[in-house]
Amino acid sequence: MFGKGIKKVRVARKLKQIELANLIGTTQDHISRLENDVHYPTRKVMDKILKALDVGLILVFWFSITEKDVLPEKVEIYNVLKPSMDEIVNNIFNSDEYIK
């Protein structure tokens, strides 16, 4: 659920999986499984990730949303609004590096 967002922020922070793993005291394999939504982070692990990446949960959540999370009848409007919403999120948080 949060994997895509974790990966987006990690990459924006120019961290490799192993570097993030070392920062939070886990393995590169664990980070890979989290980013690919094979496993979901516990609250404790998520807190460590958020601290290591210096980012809030809402941003990780936002960056995790994909078209497949949207009701089929809402996909068209999602695709129209998503780029603008991404820009708004970046402007609010002064975080151009978050979304590539």
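Lys-14 is exposed, with a relative accessible area of 69% (exposed means over 50%, buried under 20% and partly exposed in between, using a 1.4 Å probe and protein chains only). The model is predicted, so local features need pLDDT of at least 70 and side-chain atom pairs count only at pLDDT 80 or more, while totals for chains, interfaces and linings use all residues. Residues are numbered from 1 along each chain as its sequence is written, and side-chain values use heavy atoms, with hydrogens and water left out.

**Helix α4**

- Helix α4 covers residues 43-53, and its buried residues are Val-45, Met-46, Ile-49, Leu-50 and Leu-53. Helices are DSSP runs (H or I, at least four residues), numbered from the N terminus.
- The buried residues of α4 fall within an arc of 135° when seen down the helix axis, so they line one face of the helix. The arc is that of the directions from the helix axis to the C-beta atoms.
- Arg-43, Lys-44 and Lys-51 are exposed and sit on the face of α4 turned away from its buried side.
- The cover over the buried residues of α4 includes α1 (3-12), α2 (17-24), α3 (28-35) and α5 (57-64).

**The nonpolar core**

- The largest nonpolar core has 19 residues, of which Ile-6, Ile-49, Leu-53, Val-55 and Val-60 touch the most other members. Such a core is a set of buried Ala, Val, Leu, Ile, Met, Phe, Trp, Tyr and Cys residues joined through side-chain atoms within 4.5 Å.
- Two or more residues of this core come from each of α1, α2, α3, α4 and α5, and α4 gives the most, with five residues.
- Val-60 is in contact (heavy atoms within 4.5 Å) with Phe-2, Gly-5, Ile-6, Met-46, Leu-50 and Val-55, leaving aside its neighbours within four places in sequence.

**Helix α6**

- Leu-81 is found in helix α6, residues 75-92. Leu-81 is partly exposed, at a relative accessible area of 45%.

**Positive phi angles**

- Most residues other than glycine have a negative phi.
- Lys-14 is not a glycine, yet its phi is positive, about 60°. Lys-14 lies in the loop between α1 and α2.
- Asp-37 is not a glycine either, and has a positive phi of about 55°. Asp-37 lies in the loop between α3 and α4 and counts as partly exposed, at 29% relative accessibility.
- Asp-54, which follows α4, has a positive phi near 55°.
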